[in-house]
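Subject: Handover of a structure and the findings on it

Dear colleague,

Please find below the structure that I am handing over to you. My findings on it follow directly after.

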Amino acid sequence: MATAQPAPLNDATRAEITEEKFRKLLATVKANRPGDDPAIIRKAWLYGMEHHEGQLRASGEPYVMHPLEVAQVLAEMKLDSTAIAAGLLHDAVEDTPVTTEDITERFGEQVAHIVEGVTKIDKIQFANREDRQAENVRKMLLAMVSDVRVVLIKLADRLHNMRTLQHLPADRQQAIARETLDIYAPLAHRMGMGKLRGELEDLAFRYVDPVAYEQVSRAVEARREEGEHFLSEVEILLNQRLRENNIEARVEWRIKRLFSIYQKTQNQHVSLDQVYDLLAIRVITKTVQDCYAVFGLIHSIWRPMPGRIKDFIAMPRPNLYQSLHTTVMGEGGHQFEVQIRTEEMHRVAEEGIAAHWKYKASGEPISPRDEQRLTWVRQMVEWQREMSDPNEFLSTLKIDLYPEEVYTFTPKGKVVVLPQDATPVDFAYSIHTEVGHTCVGAKVNGRMAPLRTKLRNGDIVEVVTQNGHRPSRDWLTFAKSSRARNKIKHWLHEHERERAIETGKKLLDREARKYKVQLSKVTDADYARAASECGLATASDLLAAIGLGKQSARQVLNKLSPGLAAQTAEAEPAEAKPGAMSDAVKRVHMRGSDSLLVEGQDELLVYRARCCNPIRGEEIIGYVTRGKGVAVHARSCPNVQNLLYESDRRINVEWAGSPAADRRTTYPVKLTVYCDDRTGMLKELTAIISDDGTNIRGVDSRSAPGGGEAIVEFVLEAEDMPHLNRIVNGLRRVPGVRDVQRAHKI
């Protein structure tokens, strides 16, 4: 029997729904900010309705519904009328003939500034996705420095887009969801907006990895009824004990969000039963003293789990999150997490900077605590000026947004917050750039320690410096903080460039002597013209490119002295002298689906890097090595960021030919499967691979320490990324499989 489809809405019904949602918006503003004048909101609404007239979203609904829903999210954040008006107009400049000047004239400088900060720049043509994404984020960060409402509207915009993502094509869903997990959810976390971050992560998870989403969702639903019953009993008991001890507090409970569960199972290779904070109780008190009283009360009722107690009240996180955390053992072996905080701490944890956002007609600035929360934004704006490579910028941003921290101290007791697994080098650069550059050692808790030492919570660190000492390239292999890595990369890049220019001069001079060309007669204008023909800005860039092997000295000499072309054709040297890569490499022709093309180059050896073994369909990037040609890495390769601190040595590469040109070409790929240790598991896993017609080169299985889990490693032949993804998804559907990971190095 066919399911009846709902009748399409007519224009009158759509208008009625839209008007009802606008009334809801005004009601929310009145409830949350009764002192605000809604006139500017009404004016912005009518203006948006007029200019978005006739535009439809992918879902078929009027486009104006999107800015209206964004404004509703902002109203629920308790933002001011100016921000809500900007939310209603945030797409007007991009998607209608309206200009920033029009917005300024009708709504004032503040609204126009916010709208301009939020406006996307998709109309500008960029070479690739990374450039576009990096420039969007750069613009957002720059605008945030002067008005934090820009990012709040951007996050609200992304939230509604994620809520309606099902109406877009699958490839767009994947790209938008991936960007949400990489940039916007961590950004919400850094702004302290836990509630919004959680929803963004769960919405994106559904599209980024639908197989894992379905598995986690099914597993949680299977445990939901029992978990909710248990938490209800805990709530009743805890409320009773709170009354008995005259502590005024309210109790909430929840089951952990799906993406958080998935992350924990992936990072720790554990099953859902081993996620200790799957069930969580939250106690919200009136005072800080009550928080610690409840903390003691909890431990008197249930037994605490060792190593699971955290005091974020005494040591707040960098995003100003404060709470007491403990994991305890309840009846029947149920482990659950307890979070204890005050009402104010709860508002900050849920809403972040939006909880404190106050804006008056007089232009009152944001509070000192919120200024502290935005310090990292100013640091990012400062660092991004040193980065020309969008990949490096995005990588730095992602590192800076990650939540894990370690709390260390200077000998005088100052707290220094660093990323997890940070080292004394990170500590040194957090003190001052010059302290980092001249760091030669460190004392950790009074004892000398190697620079590679991973710092732990509570460590007291004293940096040992030496005048004249300079950073080492090896530091990039263990430095964790974005500040330290950027400063090291910047120093190395400047000095590598100087050496490359000197090498380029020598190579060009040697080539000139070989063909009896007098470089003394070549003018600055000739160098500038040759650089321009090579797509470079200056003569220094040209010489650096020769020194790095990105340009042939002979080709550059021919551009500087055009009459050389005939001479070189008649008197080709018998053999090239060893030395620079540009003289030693030769063209290697590769056929079929294994072909790789280098942008603008005909004479470079190209090969797949062994550290990541990229396969067709995978995003790739080239790195000009010294004397070996161009190494092609997967963009996801962990070595890429360490290699590409010299942006001059990055070169664009792509897969040549058609993916279907030669299906006989395959790539060896190693997959590691973490699964239950049960009878028949290996048979089921190999059946998935062989049923797909894929050849298995090797297999190794072993039991994991502790029992109950097995680790199975396959080396198989994959044609391209879609083929590999099909196999991985098939393996993950096998009951008992906890994770499937690709091991880049075989």
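**Helix packing**

Helix 3 and helix 4 cross in the right-handed sense. Please bear in mind throughout that this is a predicted model. The axes of helix 3 (residues 65–76) and helix 4 (residues 81–88) come within 8 Å and cross at roughly 160 degrees. The two helices are therefore roughly antiparallel, since angles over 145 degrees are classed in that way. On the side of helix 3, the residues that take part are Pro 67, Leu 68, Val 70, Ala 71, Leu 74 and Ala 75, and they meet Ala 83, Ile 84, Gly 87 and Leu 88 of helix 4. Sorted by class, this contact of helix 3 with helix 4 holds nine nonpolar residues, one polar residue and no charged residues.

A second pair of helices may be described in like manner. Helix 10 (residues 170–190) packs on helix 11 (residues 194–208) at an angle of about 160 degrees, and their axes are 9 Å apart. Helix 10 is thus roughly antiparallel to helix 11. The crossing in which helix 10 passes helix 11 is left-handed. Helix 10 contributes Gln 173, Gln 174, Ala 177, Arg 178, Thr 180, Leu 181, Tyr 184, Ala 185, Ala 188 and His 189 to the contact, while helix 11 contributes Leu 196, Arg 197, Leu 200, Glu 201, Ala 204, Tyr 207 and Val 208. The residues of this contact of helix 10 with helix 11 comprise ten nonpolar, four polar and three charged.

**The protein as a whole**

The protein has 746 residues, of which 50% count as buried. Its secondary structure amounts to 30 helices and 21 strands. Among contacts in the protein with a separation of 6 or more, 68% are between residues 24 or more positions apart.

Strand 6 (residues 335–342) is mostly covered, with eight of its eight residues buried. In a regular strand, side chains alternate between the two faces of the sheet. In strand 6, Gln 335, Glu 337, Gln 339 and Arg 341 point one way, Phe 336, Val 338, Ile 340 and Thr 342 point the other way, and all are buried.

Which strands pair with strand 6? Strand 2 (residues 279–285) pairs with strand 6 in the parallel sense over six bridges, and strand 5 (residues 324–329) pairs with strand 6 in the antiparallel sense, also over six bridges. Val 338 of strand 6 is the bridge partner of Ile 281 and is likewise the bridge partner of Thr 326. The hairpin of strand 5 and strand 6 has five residues between the strands, and in this hairpin Gly 332 takes a positive phi near 70 degrees.

Three strands form an open sheet in the order 10-9-11, and the pairing is antiparallel. Strand 10 (447–449) and strand 11 (461–465) stand at the edges; each has a single partner strand, so one side of each is left without a neighbour in the sheet. On average, neighbouring strands of this sheet are turned by 35 degrees against each other, direction ignored. Strand 9 (residues 439–444) runs antiparallel to strand 11 and is joined to strand 11 by five bridges. Val 444 has Val 461 of strand 11 as its bridge partner.

Strand 14 and strand 15 run antiparallel and are joined by five bridges.

Where does Gly 629 lie? Gly 629 is placed in the loop between strand 14 (620–624) and strand 15 (630–634). Gly 629 counts as buried because its relative accessibility is 0%. Gly 629 and Tyr 607 are 22 residues apart in sequence, and their C-alpha atoms are 7.7 Å apart in space.

With kind regards

Conventions
Residues are numbered from 1 along each chain as its sequence is written. This is a predicted model: local features need pLDDT of at least 70, side-chain atom pairs count only at pLDDT 80 or more; totals for chains, interfaces and linings use all residues. Side-chain values use heavy atoms; hydrogens and water are left out. Axes are lines fitted to C-alpha atoms, for helices over the stretch in contact, and angles run from 0 to 180 degrees between N-to-C directions. Helices (H or I, at least four residues) and strands (E, at least two) are DSSP runs, numbered from the N terminus. Angles under 35 degrees count as roughly parallel, over 145 as roughly antiparallel, 65 to 115 as roughly perpendicular and the rest as oblique. A crossing is left-handed if the near helix is turned anticlockwise from the far one by less than a right angle, and right-handed if clockwise. Contact means heavy atoms within 4.5 Å. Ala, Val, Leu, Ile, Met, Phe, Trp, Tyr, Cys and Pro count as nonpolar, Asp, Glu, Lys and Arg as charged, and the others, Gly among them, as polar. Two strands pair if DSSP finds at least two bridges between them. Buried means under 20% relative accessible area, exposed over 50%, partly exposed in between (1.4 Å probe, protein chains only).
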